[in-house]
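Hi everyone, thanks for making the time. Let me put the structure up on the screen, and then we can walk through it together.

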Amino acid sequence: MQLLSAFILIMLFLPIAAVLAFTPYFTRETISFGVSVSEEHYRSDLLRKMRKKFASISVVIYSILLLASLIVLVQTGELAQSITVGVCVIVMIIVSVVLNLTFYFKMKQLKPSLPPGPTGGKTILAIDTSFRQHKLILSNKWFLVHFAITVICTIFVFANYNRIPETIAMKFDFQGNVISSAAKSYWSVLFPNIMQVIMLLVFLMVNHSISSSKQQIHAGDPERSIRRNIVFRRKWSLFTLLSAFAITFLFAFIQLNMIYPMKVEILAFVSILVPVFIVLFAIILAFTTGQGGSRIERSEVGSPIQPVNDDAYWKLGVIYFNPKDPAIWVEKRSGIGWTINTANPMSWIIFIGLIGIITLVTEFAK
């Protein structure tokens, strides 16, 4: 069973490590380690070497960490194996934060020495007043399919309530052994349906954030920039829709297992397959689209036009704090996706709400 634990660790570790190591290649070509630069500067030999150095250091450290974790998994018992996976993830996050901050400060020191563009260092702001009229995301009506599945699952559970055993397995370890169970009750058997609803609401909010997030158009080639950003948003909206479907299916499968118990191997396989699908889908999109669509319709020569310099509003290159900006959602500077404007009170309401949901779900799952 140690081999199963090792397989799970590898399937979780490798995709996350790949994303963390190659993050500088996903960002817009007007951002280098959280600092604004022109596309021309981004493609310069100097910044290419910085990105390559970041990726190389990351790969070496993560490879050593994975190897050490696998050795521990093979030589220890169940409890140590669970702890090993958690420690491995925490160390990865710490390493990623340290590396990103190190290169951010290096980039910040380097920026003043970069040659000014044709505008003499002045920045140009481009805005498309008709941007919101484009179809930016897949319709939220598609989530009615997820809701219908949840309703069907709920009805099915009520219809087969008497078939469910008096004790329900709730959690399994990496070897497939039951480590937590609960007495049969309407609350315990309907918990997967509750999770389906909660996750549906979360994915609906994500899809809305993709649509309503602040537009970011590159003045060097605004028309191409708009096309790329529209494609970017649509593809990640599709990712949101399919990920929501996968999560809904997973909880439906768990609930089906309550009524018709399956082999542990089958349950473990499906439980691994769904998150692996989501992670691999995200990685493929990251490599093919880039942040804001920067890897779509990529030009051969980078524009020398300097983008809007709002570095002062990006704390440490990752936290956006701009009281003058009414936007709630903005594109991340590091990696793929969106983040909040922490200067907007509504952003904190959303953030606290998400934390509250996670806390409640964690408590209910105990």
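Before the helix pairs, a word on how I talk about them: a helix axis here is a line fitted to the C-alpha atoms over the stretch in contact, and the angle between two axes runs from 0 to 180 degrees between N-to-C directions. Please also keep in mind that this is a predicted model.

With that in hand, look at helix 7 and helix 8. Their axes come within 9 Å and cross at roughly 180 degrees. Anything over 145 degrees counts as roughly antiparallel, so helix 7 and helix 8 are roughly antiparallel. Sorted by class, the residues in this contact are 14 nonpolar, 10 polar and 1 charged.

The axes of helix 8 and helix 9 come within 10 Å, with a crossing angle of roughly 175 degrees. This pair is therefore roughly antiparallel too. On the helix 8 side the contact includes Phe232, Trp236, Phe239 and Phe253, and on the helix 9 side it includes Ile266, Val274, Phe281 and Thr289. Here the classes come out as 19 nonpolar, 4 polar and 1 charged.

So where do those nonpolar side chains go? As general background, nonpolar side chains in soluble globular proteins tend to be buried together. In our model, the largest nonpolar core has 34 residues, and Phe143, Trp236, Phe239, Ile247, Val274, Ile278 and Ile336 touch the most other members. The elements giving two or more residues to this core are helix 7, spanning 186-212, helix 8, spanning 222-259, and helix 9, spanning 264-289. Helix 8 is the top contributor, with 12 residues.

Ser237 lies in helix 8. Is Ser237 buried or exposed? Its relative accessible area is 1%, and the cut-off for buried is under 20%, so Ser237 is buried. Beyond its neighbours within four places in sequence, Ser237 is in contact with Ile137, Leu138, Asn207 and Ile210. Ser139 is 98 residues away from Ser237 along the chain, yet their C-alpha atoms are separated by 8.9 Å.

What does Thr27 touch, not counting residues up to four places away in sequence? The answer is Tyr42, Gln291, Ser294, Arg333, Ser334 and Gly335.

Cys88 has a relative accessible area of 2%, so Cys88 is buried. Cys153 also counts as buried, at 12% relative accessibility. And with a disulfide taken as a pair of cysteine sulfur atoms within 2.5 Å, the count comes to 0.

Let me finish by zooming out. The protein chain has 10 helices and 8 strands. Of its 366 residues, 44% are buried. Among contacts in the chain with a separation of 6 or more, 72% are between residues 24 or more positions apart.

Technical notes. Residues numbered from 1 in each chain as written. Predicted model: local features only at pLDDT ≥ 70, side-chain atom pairs only at ≥ 80, totals over all residues. Heavy atoms only, no water. Buried < 20%, exposed > 50% of the residue type's maximum accessible area, 1.4 Å probe, protein only. Core = buried A, V, L, I, M, F, W, Y, C linked by side-chain atoms within 4.5 Å. Helix = DSSP H or I, 4+ residues; strand = E, 2+ residues; numbered from the N terminus. Parallel < 35°, antiparallel > 145°, perpendicular 65-115°, else oblique. Contact = heavy atoms within 4.5 Å. Nonpolar A, V, L, I, M, F, W, Y, C, P; charged D, E, K, R; others polar.
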